[in-house]
Amino acid sequence: MQPLLKMQGINKSFAGVAALTSAELEIAPGEVHAVIGQNGAGKSTLIKILTGVYRKDSGDIAFEDKPWNALSPRESQDNGIATIYQELSLVPLRSVTENVIMGYEPRTRFGLIDWKAAHKRTREILADFGVDIDVTQPLGNYSTAIQQLTAIARAVSLNSRLVIMDEPTSSLDDREVETLFGVVRGLKARGVSVIYISHFLDELFQICDRATIMRDGQRVAVREIASTTKLGLIADMLGRDPEEISAAGMTDLGGGTHEAGELLLEATNLHTDRNLRDVSVSVHKGEIVGLGGLLGSGRTEAARAIFAMDKLRNGTVATHRNPAGFRDPAEAIRGGIGFLTEDRKAEGIVPEMSVRENMTLALMPRLVRNGAIDRAKEEEIVKKFVDALGIKLASIEQPIRELSGGNQQKVLLARWLALEPDLLILDEPTRGVDVGAKFEIQSIIREYVEKGVGVLLISSEFEELVEGADRIVVLQDGKSVSELQNPGITEESLIGAIARSHDGPGKGAAA
Amino acid sequence: MLDQNTFDLRRYIQGNGQSMGVWIALIVMIAFGAMRYDNFTGAYNISSFLNYNSMFIVIALGMCFVIMTGGIDLSVGSVVAFASVCVAYLSPYGIQVALPGGILAGMAIGGLNAFFVIAMRIPPFIATLATMLGAKGGALVISGRQTISVDWGSNFTKFGMGSVGGILPWSIIVVALLAVALWIVLEKTSIGRTVEAIGGGEDATKMMGLPVNRAKAFVYILSGGCAGLAGVILASGFGAGQPLEGVGWELSAIASVVVGGTLLTGGLGSVPATVAGALLLGLVFNILNFENGRGVISFSAYWQMVIRGLFLFVVILLQSRVSRVGAKQGA
Amino acid sequence: MPGFDTRMLAKHGGLIALAVLLLINIAITPNFLQLQTLFVNISQVATIAIVAVGMTLVIATAGIDLSVGAVMAVAGALAPLIFLSEFAQAYPTLGLAASIIVPILVALLCGLFNGVLVAYLGVQPIIATLIFFISGRGIAQVLTNGNLQTFAHPGFSYIGTGKILGLPFQGWLVVVIAIVFWYIVNRTLFGRRILAVGGNERAAKLTGTPVRRVKTGVYVISAGLSGIAGLIVVAINSASDAARIGNLMELDAIASAVVGGTLLMGGKAPIFGAVLGAVIIQLVKYTLLANGVADEVALIAKAGIIVLAVYVQQGRKE
Amino acid sequence: EPPPLAQKERYKVGFSQMESNNPWRIAETKSFHDTAEACNWDLIATDAAGSAAKQVADVDSMIAQGIDVLFLPPREEKPLIPAVMKAQAAGIPTFLVDRSVDPNVAKAGEHYVSFLGSDFIDQGKRVAEWVIENFEGDKGIIVELEGTTGSSPANDRKSGFDDNILKDDRFEIVASQTGDFARDMGRQVMETLLQAHPDVNIVYAHNDEMAIGAIQALELAGRKPGEDVLVVSIDGTRDALQAIIDGKMGVTVESSPFFGPLACEIMGKYAAGESIPPWVKVEDRIFTKENAADHIDEAY
Ligand SMILES: Nc1ncnc2c1ncn2[C@@H]1O[C@H](COP(=O)(O)OP(=O)(O)OP(=O)(O)O)[C@@H](O)[C@H]1O
Ligand SMILES: Nc1ncnc2c1ncn2[C@@H]1O[C@H](COP(=O)(O)OP(=O)(O)OP(=O)(O)O)[C@@H](O)[C@H]1O
Ligand SMILES: [Mg+2]
Ligand SMILES: [Mg+2]
């Protein structure tokens, strides 16, 4: 059969650093094709070249047997390639409707936008994803997950022949992931091809037909999913022996066995103006406490409230060092707390700053000697963490925006580890991180916990929570509703706890 | 869930919190003027006020669109001057030639702005700063440093000096029609939506496949055209092409837009509130003149500057308060 | 290596532009290679450069300061009021000191006003500083009753006309200010925080940066430097005309900063770049003037040069 | 015929100033304010901040307020014609002050009563004549500092001077650049032009402020204004008279801003039904070494 898409010998370098070297990709009509590889392998770059966000340096692309050279995302959309980019490309200030139908608005007889029809159509499109929200509200009012679903809905609604999804599930919980799979299967049934990029290898086995594995900007293998194993894929990705890897195990949080130490954090009855309506949680030394719940249940908000990012309307936050809580994040940081945000792009990285400067941003006040920043010490610390976390970069002076998503995440983690905090709040710490790095990040966390650090862990991956946390506090609609204790938590029991407390799907719109 | 199709005042206020301040201030000011001064609401004052301020409204409208894309157009004042000179030369052919001619002259400079910003990727602030200098130079060159007389014989000056019923000048009618048209463009067409989207995130808008460059070209050319129209009003209402006019008008326009609640970072904007903002700033001058006429205190020119600054300060404070309250209720 | 040339060009665009300008001048401008030409240019560029340094810091936080000219007017109006006062006649040294310190303090207060508006009340910088842009000059005129104040005060005039090692005093001042702020930006906590706030405000906040204080700080600095510039203008002229001091300075300063490589969206603060930008703009002015280019044509030429300089400077990035 | 003016105890008088950014304008406004009391005026003064269009709007707002008489220094010759016409239509007699409007469209004795002021071209001419008479060298190398580009005093003072000085072929204008009527600009421009044309020995500035700036530039460059460079200008400010006394400046042709008393006088005559000439010429004095010291106390 003729492939729908054929990319050959694609080269691309950024400022002299090669991101793709002779990369290849072939997609058959109607197949769901996975593209996997470690952080920085070049997956996103390959996609962006296909859709005209970047220009390739050289190489050939054929789409539907015709030479293809998109000059803009618009052109690829108009020619049947719809894309959900890894960095959410939506406009938060505008309404949900606009974000979904913009560029393809229904018109009235006079050629003007028919808003009534547009809202209706948007509600229909989102309904396929089990999302029922007020579509006239600004998209930014909704959580990352809703936003991600919106992006997916937009792409899928475009009637394309090829839908590209770059890590679509990174902020979805299991239920939405299932919905998404339903949509993908529907696309496949209609003969639409899907390129599916993900670090969750389990997902591939559920929906993908084939997988292209990339390493260091090249294709290293193409596998039929049916005839391969997770271990096999990982081996390809890392370029190692399968045996070697199987010895190591996949999730390294391995919690549930800990004697809880001294009380680090005691948050009670947290209320905020936005969404929190009664959350209590405590963390002890050397303990990982998970926050479980569906999206929008208020996990991120609870973390922000503890870190004094959001104002408390009611409730108290006490830590061992600051019994009265904090007035602002600066005070929280001085009080020994670190907070890894879930929104890397918007509130994590400072894009134009170097890796070095990004990493020491929170630590800076402690690096000051005689009024100036101690550069030698700064570099020493940065180098230490670059090595320890295996961060892939050209130089520590490189602007962080040039790093791949996973490596950016490691830099941000290092930003907080460097503080030697007592308590770490980690909001989706392994989002968008490849298996290898995820494993590394998890073992780093574990190492710190062993040394007595307390961790408040938020994760949409139930597996990560179940295996990692000593206790899980379940949130629902901004309230803490139950608590599970390890050992003994299973994914089923967690889902059960969430389900029991939940009265209906997709509720809690920001109204 | 609320029904989105019926009008709900509370929701409207929440959604438009940014622009409520300007309406309140406008009403308060008009009421103040009407009560305090004789003839303030007389036909003569209303008519001349609207005629003069139609120029500021129209450049503020163009500016509003530019600002919504996260850009800025500092060149409008010079473009007004430039267009007024071009129009003065065209005036013997009548308004039917001069009006499109002036608008085209403005659009040409707007096009230059668009070229600098889009093709050369010069930041809008700098690109339009350059055309601000350039257009002024151009106006002086083609006018030979002189103000240029218009042809009083043709129908040209009727446009700028005539009015309907002695109270509604033609200029304000044209500008009002334009405002309505632009309102529709903004709210009901995809180019308008794209304009607002760009301000909310240019990269994202591009990745969504929206015609970012086309929309940006549109706003700069529109802004130039609006300034061109203001130039027509200037030349026909004041009887001359004036190469030196328009100094600082860009700042008035920006202030009008912001007072109207448009975010300077782009992404949110309102056409009617911008009109209200322009009227409000114009009213300050009008009221100061009337206050001087009461003879109790006579504000010297520099006190007037201080008062205008203070006034802007108060409106901005009021606006940020109202919008904060609105946001709180909205969450 | 595509991209290599343009990157080089972007990095050294300012220096290249300067070199080109110098060569053109050597070729066509009469008596360009004279020491006096250097003095003239240094004394004329100093105020722009000083204000541009402050502007650079403000822009680095993604702000802008339109009020610099008005602050210059306020400071410039105050100084003669003080040293011509009876108090200063009675205590000349104290009076001189006060006539330098008080205006700068008042300038700092103006900056505080801007900073509070921007940082604590969330007013957009262009508008926040527009308020003072409009009213500041009015205040200066109210202070002086609109009068031109002229004086002959050698002590005070030193700021504008004095020389050290044969070079104008204000030239040295620029060098000192540039070095100090270069150090602050590149070596101190405050400097790093400026860049962080401009680069990603939310991230800065999350990492414990006192965003509001940093923002307020840059407006205060910008106003303080403008105050100094205002004093220099008054000192050179031996007169203070509140209506004119610092007129259009904001545009020159912004243009200098941007030609020097500052990004208007924040996150970069090339201090020496800004000084270089000021020098380039000054040299363009000088070239056009010395060669008798008519004012209106000079405006067009200036426009073209600004566009070109920034185009070269920005480079192209993907 | 301009509208008549009734004899009244008190008049509501409009004065529409064009801008207040230089000492001359400020002195003029002050002169009107000072006159108001003595002349029984309720004065409404507006300020157009340099915009001709705003000046028309200001006049409009004064018409709306029902003024009896209008004194108008028109910012520009042509753009202020509508203001004159509207005042006439509203039955308000208008007197133009210090600048006039385009005589081809609006005429004294018809659309407005009269123009009170001096002649900018003549001012330039008188400076030229003085220079021709008093310059002692064989070759006059002239630098001209122009006023705000495009403004009518700048245009007129330039043509009045240029046309006359060039009749004598001892003189050559080597550079003519704008100093925007401001001292600081005047100084900077002079510094630059002095570098390009070191042989200059005459500086003609369109106003005293720029002349003072030029003197400073000359001194900073180590030249001796008054000895090796002759500085001449127009206005008659206190600083300029002082410079003449100090020997740094040759001449300044008066352009007096004190129009208040004259306005009061002419208005009274007009109300009394006397006929007013279309141009009430102000006799501009000329200040030189001979008389500067006598007049410095009345200067502003
Ligand atoms: N805009 C850019 N400028 C410079 N370098 C870049 C840019 N975008 C990507 N790169 C580099 O190209 C390489 C490939 O990055 P890419 O984002 O394609 O990786 P990825 O496979 O999608 O990784 P991840 O799984 O982390 O998203 C990385 O080394 C990255 O640093
Ligand atoms: N499904 C939803 N429907 C409506 N609003 C939602 C939904 N999810 C989140 N929100 C809104 O988003 C905001 C942020 O929620 P928050 O980030 O605390 O949730 P979370 O549990 O951390 O979810 P996430 O998985 O997105 O991190 C809240 O103000 C909430 O009102
Ligand atoms: Mg990627
Ligand atoms: Mg979350």
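This is a predicted model: local features need pLDDT of at least 70, side-chain atom pairs count only at pLDDT 80 or more; totals for chains, interfaces and linings use all residues.
Colleague: Let's start with chain B and chain C. How many residues does the contact take from each?

Modeller: A contact is read from both sides. Here chain B gives 39 residues and chain C gives 40 residues. The area buried between chain B and chain C is about 3,500 Å², with 82% coming from carbon and sulfur atoms.

Colleague: And how many salt bridges are there between chain B and chain C?

Modeller: For a salt bridge, look for a side-chain nitrogen of Lys or Arg within 4 Å of a carboxyl oxygen of Asp or Glu. The count between chain B and chain C is one: B:Arg145 pairs with C:Glu296, and their closest N and O atoms are 3.0 Å apart. Which elements of chain B are involved on this side? α6 (124-143), α12 (249-259) and α14 (301-330) of chain B each supply at least two residues to the side that touches chain C. By class, that side of chain B has 27 nonpolar, seven polar and five charged residues.

Colleague: What does the interface of chain D and chain B look like by area?

Modeller: Read the area together with the atoms that give it. Chain D and chain B bury about 2,700 Å², 57% of it on carbon and sulfur atoms. There are 14 residue pairs in polar contact across this interface, both residues of each pair being at pLDDT 80 or more. On the side of chain D that touches chain B, α1 (23-39), β2 (41-47), α2 (52-64) and α3 (81-89) of chain D give two or more residues each. Of these, α2(D) gives the most, with 10 residues. The classes on that side of chain D are 14 nonpolar, 10 polar and 11 charged.

Colleague: Which residue of chain B forms the salt bridge with D:Glu146?

Modeller: B:Arg145 does, with the closest N and O atoms 2.9 Å apart. B:Arg145 also forms the salt bridge with C:Glu296.

Colleague: Where does UniProt place transmembrane regions in chain B?

Modeller: A record can be set beside the model. The unreviewed UniProt entry lists several spans, including residues 125-144 and 271-289 of chain B. In the model, residues 125-144 of chain B are 95% helix, with end C-alpha atoms 28 Å apart. Residues 271-289 of chain B are 100% helix, and their end C-alpha atoms also lie 28 Å apart.

Colleague: Last one: which residues come nearest to ligand 1?

Modeller: Of the 19 residues around ligand 1, the nearest are A:Asn39, A:Gly40, A:Ser44, A:Thr45 and A:Glu402. Then check which atoms meet the ligand. A polar side-chain atom of A:Thr45 lies 2.5 Å from an oxygen atom of ligand 1, whereas A:Gly406 places a backbone N or O atom 3.1 Å from a ligand 1 oxygen atom.

Methods: Residues are numbered from 1 along each chain as its sequence is written. Chains are lettered from A and ligands numbered from 1 in the order in which they are written. Side-chain values use heavy atoms; hydrogens and water are left out. Contact means heavy atoms within 4.5 Å. Buried area is the accessible area (1.4 Å probe) that two parts lose on being put together, summed over both. Helices (H or I, at least four residues) and strands (E, at least two) are DSSP runs, numbered from the N terminus. Ala, Val, Leu, Ile, Met, Phe, Trp, Tyr, Cys and Pro count as nonpolar, Asp, Glu, Lys and Arg as charged, and the others, Gly among them, as polar. UniProt positions are given in the numbering used here, feature names are shortened, and annotations may be inferred rather than shown by experiment. A residue is near a molecule or strand if one of its heavy atoms lies within 4 Å of it. A polar contact is a pair of N or O atoms within 3.5 Å; within protein, one must be able to donate a hydrogen and the other to accept it, and residues adjacent in sequence count only if both atoms are side-chain atoms.
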